[in-house]
Amino acid sequence: MSPRVYLTGFMASGKSTVGPLVADRLGYRFVDLDWLIEARTGQTIPALFERGGEAAFREAEAEALAETTNAEGLVVATGGGALVDLVNLWTAQTAGVVVWLRASAATTLARLGDAGGRPLLADGAGRPLQGEALARRVGALLAEREPTYAQAHFVVDADRLPALVARDVAEAVVERGG
Ligand SMILES: Nc1ncnc2c1ncn2[C@@H]1O[C@H](COP(=O)(O)OP(=O)(O)O)[C@@H](O)[C@H]1O
Ligand SMILES: O=C(O)C1=C[C@@H](OP(=O)(O)O)[C@@H](O)[C@H](O)C1
Ligand SMILES: [Mg+2]
């Protein structure tokens with residue numbers, strides 16, 4: 001069985017929610033890359049974006065990802081942009097099995113609510129996008145990112161209950177074998 005599992009997919013596809021359930025099923029530890037970034041930098045994700053722009057966040061994200069590649073028995077919930085970077089994608093594909101939690105645009109919008117705390121879904125003044133503006137932004141980002149998400153080893157339908165999504169992820173990892 002692969003020693004590391006990387007969950008990728010758009011914001012609100014459920015990576016942070018499903019990750020611990022997958023870890024329980026496999027008897028692995030769980031880490032959320034966003035929490036690791038916050039722990040290592042001592043800053044929240046919005047503060048990192050505010051102070052250093054997206055570039056500073058992406059740099060911290062790549063460093064945090066690299067930290068996970070030696071751990072044995074680990075499920076990693078990446079942030080939705082982490083494995084859009086092709087070097088990061090390669091890092092994760094080499095270190096473990098990459099699973100795309102694919103959620104529809106409608107599910108994504110329903111789960112995002114007011115999208116607070118996600119800097120990429122805010123307006124120029126940092127206010128969460130809402131309604132049509134949020135839908136447009138999500139649609140554009142999804143179209144841009146989905147071809148890269150599709151390079152995951154496995155795709156799991158994330159428009160379902162977390163327990164079902166976790167079951168399918170764990171089964172895919174086990175089936176993949178050693
Ligand atoms: N399978 C699911 N069904 C219903 N709600 C979910 C599901 N997965 C996540 N959520 C909810 O959607 C929101 C975003 O989930 P989260 O796990 O933070 O996504 P991600 O880490 O992919 O951004 C949270 O409010 C969470 O409770
Ligand atoms: O899609 C993205 O670029 C991001 C997704 C977020 O994580 P989630 O996908 O867990 O919301 C977080 O890493 C940051 O706000 C950027
Ligand atoms: Mg998350």
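Guide: One term before we start: a residue counts as buried if 20 or more other C-beta atoms lie within 10 Å of its own. Also, this is a predicted model.

Visitor: Fine. Start with strand S1. Which way do its side chains point, and are they buried or exposed?
Guide: Arg4, Tyr6 and Thr8 point one way, Val5 and Leu7 the other, and all are buried.

Visitor: What does S1 pair with?
Guide: S3 is one partner, parallel, over four bridges. Strand S4 (residues 97–102) is another, also parallel and over four bridges.

Visitor: Give me some residue pairs. What is the bridge partner of valine 5 in S3?
Guide: Valine 75. Towards S4, tyrosine 6 stands opposite valine 98.

Visitor: Zoom out. What is the strand order in the sheet?
Guide: The order is S2-S3-S1-S4-S5. The sheet is open, has five strands and is parallel in its pairing.

Visitor: Which are the edge strands?
Guide: Strand S2 (29–32) and strand S5 (154–157). Each pairs on one side only.

Visitor: How many degrees are neighbouring strands turned against each other?
Guide: On average 25 degrees, with direction ignored.

Visitor: How many bridges join S4 and S5?
Guide: Four, in the parallel sense. There, tryptophan 100 stands opposite valine 155 in S5.

Visitor: Which strands does H1 touch where it packs on the sheet?
Guide: H1 touches S1, S2, S3 and S4. The direction of H1 makes about 170 degrees with that of S3.

Visitor: On to the ligands. How many residues surround ligand 1?
Guide: There are 13. The closest are Gly14, Lys15, Ser16, Thr17 and Arg111.

Visitor: Which helices supply at least two residues of that shell?
Guide: Helix H1 (15–26) and helix H7 (162–176). H1 gives the most, with three residues.

Visitor: How does the shell of ligand 1 divide by residue class?
Guide: Six nonpolar, five polar and two charged.

Visitor: Now ligand 2. Which residues surround it?
Guide: Met11, Lys15, Ser16, Asp34, Ile45, Gly79, Gly80, Gly81, Arg118, Pro119 and Leu120. They divide into four nonpolar, four polar and three charged.

Visitor: Why does serine 16 count as partly exposed?
Guide: Because serine 16 has 17 C-beta neighbours inside 10 Å, and the buried class takes 20 or more. Serine 16 touches Asp32 and Ala77, not counting residues up to four places away in sequence.

Visitor: What else does UniProt list as "binding site"?
Guide: Asp34, Arg58, Gly80 and Arg145, again from an unreviewed entry.

Visitor: Take aspartate 34. Where does it lie?
Guide: In helix H2 (residues 33–41). Aspartate 34 is buried, because 22 other C-beta atoms lie within 10 Å. Leaving aside neighbours within four places in sequence, aspartate 34 is in contact with Ile45 and Gly79.

Visitor: Follow that to glycine 79. Which loop holds it?
Guide: The loop between strand S3 (74–77) and helix H4 (86–95). Glycine 79 counts as buried, because it has 23 C-beta neighbours inside 10 Å.

Visitor: What is glycine 79 in contact with?
Guide: Leu33, Asp34 and Glu61, leaving aside neighbours within four places in sequence. As for alanine 92, 13 residues away along the chain, its C-alpha atom is separated from that of glycine 79 by 13 Å.

Visitor: Last one, arginine 145. Which helix is it in?
Guide: Helix H6 (residues 131–149). Arginine 145 is partly exposed, because 18 other C-beta atoms lie within 10 Å.

Visitor: And what is arginine 145 in contact with?
Guide: Phe10 and Val84, with neighbours within four places in sequence left aside.

Conventions:
Residues are numbered from 1 along each chain as its sequence is written. Chains are lettered from A and ligands numbered from 1 in the order in which they are written. This is a predicted model: local features need pLDDT of at least 70, side-chain atom pairs count only at pLDDT 80 or more; totals for chains, interfaces and linings use all residues. A residue is near a molecule or strand if its C-beta atom, placed from the backbone, lies within 6 Å of it. Ala, Val, Leu, Ile, Met, Phe, Trp, Tyr, Cys and Pro count as nonpolar, Asp, Glu, Lys and Arg as charged, and the others, Gly among them, as polar. UniProt positions are given in the numbering used here, feature names are shortened, and annotations may be inferred rather than shown by experiment. A residue is buried if 20 or more other C-beta atoms lie within 10 Å of its own, exposed if 12 or fewer, and partly exposed in between; C-beta atoms are placed from the backbone. Two residues are in contact if their C-beta atoms, placed from the backbone, lie within 7 Å. Two strands pair if DSSP finds at least two bridges between them. Axes are lines fitted to C-alpha atoms, for helices over the stretch in contact, and angles run from 0 to 180 degrees between N-to-C directions.
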